[in-house]
Amino acid sequence: MLRIGNASGFYGDRFAAFREMLTGGPLDVLTGDYLAELTMLILARDRLRDAKLGYARTFLRQAEECLAEAVERGVRIVVNAGGLNPARLAEALGEVTARQGVGARIGYVTGDELLPRAAEFGWAGEDPRRPLLAANAYLGAFGIAECLRGGADVVVTGRVTDAALVVGPGIAHYGWTPADLDALAGAVVAGHVLECGAQAAGGNYAFFAEHGDRLDHPGFPLAELHADGSSVITKHPGTGGVVTVETVTAQLLYETGGPRYLGPDVTARLDTVTLTEDGPDRVRIGGVRGEAPPATLKVGLNRLGGYRNELVFVLTGLDIEAKAAFVQRQLTRALTDPPAELRWTLARTDHPDADTEERAGALLRLTARDPQEAKVGRALTAAVVELGLAGYPGFHLSAPPSPAAPYGVFEARELDAKEVEHLAHLPGGETVLVQPERPPASGEVAVEEPQSVPVDEAGPTRRAPLGLVAGARSGDKGGDANLGVWARSETGWRWLAHTLTVEKLRELLPETEQLAVERHLLPNLRAVNFIVRGLLGEGVAARARFDPQAKALGEWLRSRHLDIPEALL
């Protein structure tokens with residue numbers, strides 16, 4: 001058994017988690033996921049300011065604090081904190097080991113960086129106001145495995161798939177080859193459960209209220225990974241949070257799509273995953289089948305999209321709708337050369353006959369975008385400020401106006417895997433070209449829809465929120481939103497599969513009415529997974545909506561009312 005823990009789900013996650021995981025119980029490998037689509041943009045801007053940057057500096061501080069502890073305990077560390085500059089992070093870690101006298105051997109993985117070749121692939125673009133800042137392929141796990149087999153105590157990578165941080169140690173430990181598709185797929189599923197840190201242990205969990213204060217400070221998860229790719233998800237004893245079939249289900253649905261979870265090493269069949277309780281805070285993952293990976297790699301492109309600004313007008317008391325229309329007319333008249341996009345959103349947070357001024361207020365949000373910084377900077381904010389004594393009664397803003405800020409846009413492309421040079425840099429100085437022989441494509445097996453419960457057999461119904469009988473987890477994939485919903489019982493699952501169609505989703509979430517929506521059923525997880533195309537515009541950094549990462553999309557759905565069989569309530 002290989003015990004692999006996680007200590008970071010994003011750049012900015014709990015700093016103390018590395019020490020908590022190292023000292024909380026036995027581990028063989030400790031991983032940290034620092035990269036997301038937005039993070040790559042942040043790191044690209046860091047690198048523009050200083051060519052020596054471009055990596056997650058938080059991890060370097062964590063290593064200064066914990067590296068000696070990890071070496072003493074024999075725990076190997078695998079992180080993607082290298083971001084856009086893994087070589088420099090590896091060099092900085094070497095400086096830490098020399099300064100502290102720690103005998104840690106450092107390996108790193110490169111080859112994902114494709115920005116210098118952007119023009120070759122037609123990605124550079126023609127608009128100088130929207131330059132390409134980063135272009136990175138999502139590499140697999142075999143480079144990590146090479147570094148570990150080469151004796152590395154610490155492996156840092158750039159843009160690899162999040163699950164690769166777990167799959168790589170599994171390959172190195174068990175000697176899996178590219179042909180071991182089921183084992184690789186099982187490790188991918190374990191890696192996907194671990195990658196978002198405390199979420200697998202009850203963080204962001206729909207039914208948090210059932211667990212009292214146990215979720216106030218959830219621990220981070222670990223996987224007991226076995227040679228066949230099966231695993232048990234658990235956490236260190238005595239840490240907060242809970243690990244249940246439902247917390248693991250929630251994480252499995254996060255940022256996934258259909259039954260086939262594509263990756264550079266294997267295609268994991270999510271419709272084959274089985275979850276079973278294995279004791280308190282222990283969930284066994286088994287049955288995962290793997291298919292050949294696609295011939296292409298995903299490539300993430302981050303561009304400068306332009307500049308944006310946001311102002312929030314507070315509307316108080318009576319005539320809220322009229323006040324909103326009034327200020328919109330005034331500002332439209334005042335802006336002789338308006339930004340390319342002005343978006344107004346009115347949130348009716350006001351209450352009638354309110355006992356406090358705040359409860360009497362509504363929020364009118366103005367979001368402005370333009371390729372030119374000046375148009376959403378002082379030209380806009382000055383026009384707003386000038387309305388201060390000439391606008392609606394009670395005119396004020398929720399915060400002082402701020403300067404324009406750049407925003408990025410994310411775009412996913414595909415590239416033949418043969419075009420990417422995947423390199424493992426071993427602690428001894430050797431560089432290995434990673435070229436795992438890809439297995440031949442395997443035949444796809446159709447996914448059958450489960451038997452639905454006819455409406456006339458569902459029994460009496462009551463109008464109630466969906467969240468009383470179903471959990472949800474949602475997130476972003478570029479400009480698309482993922483929304484997974486699971487039932488809490490087998491009967492509830494049959495009702496959910498019958499009821500929550502694409503048409504019903506559009507009815508419950510009107511924002512999706514004009515968008516393409518895909519629906520996928522995952523019977524083993526008692527879940528329905530939706531992909532809403534284009535809901536997030538050009539990605540999280542573009543902040544196209546109030547909830548730019550769709551983090552709360554699932555909770556909105558759970559709050560919506562529909563006719564639910566009384567037997568389920």
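**Exercise 1. In this predicted model, which residues does Ile285 touch, not counting residues up to four places away in sequence?**

Solution. 
Step 1. Leave out residues up to four places away in sequence from Ile285.

**Exercise 2. How many residues are in the largest nonpolar core, and which have the most contacts inside it?**

Solution. 
Step 1. Count the members: the largest nonpolar core has 77 residues.
Step 2. Name those with the most contacts inside this core: Trp123, Val248, Val273 and Ile285.
Step 3. Find the element that gives the most to this core. That is α7, with 10 residues.
Step 4. Look for a separate core. A second one has 33 residues, and Phe18, Met21, Ala56 and Leu222 are among them.

**Exercise 3. Where is Asn204, and is Asn204 buried or exposed?**

Solution. 
Step 1. Locate the residue. Asn204 lies in the loop between α7 (181-194) and β7 (221-225).
Step 2. Check phi. Asn204 has a positive phi of about 55 degrees, yet is not a glycine. Most residues other than glycine have a negative phi.
Step 3. Apply the cut-off: exposed means over 50%. Asn204 has 58% relative accessibility, so Asn204 counts as exposed.

**Exercise 4. Where is Glu255, and is Glu255 buried or exposed?**

Solution. 
Step 1. Locate the residue. Glu255 sits in the loop between α8 (245-253) and β9 (260-261).
Step 2. Check phi. For Glu255, a residue other than glycine, phi is positive, near 55 degrees.
Step 3. Apply the cut-off: buried means under 20%. Glu255 has 14% relative accessibility, so Glu255 counts as buried.

Technical notes: Residues are numbered from 1 along each chain as its sequence is written. This is a predicted model: local features need pLDDT of at least 70, side-chain atom pairs count only at pLDDT 80 or more; totals for chains, interfaces and linings use all residues. Side-chain values use heavy atoms; hydrogens and water are left out. Helices (H or I, at least four residues) and strands (E, at least two) are DSSP runs, numbered from the N terminus. Buried means under 20% relative accessible area, exposed over 50%, partly exposed in between (1.4 Å probe, protein chains only). A nonpolar core is a set of buried Ala, Val, Leu, Ile, Met, Phe, Trp, Tyr and Cys residues joined through side-chain atoms within 4.5 Å. Contact means heavy atoms within 4.5 Å.
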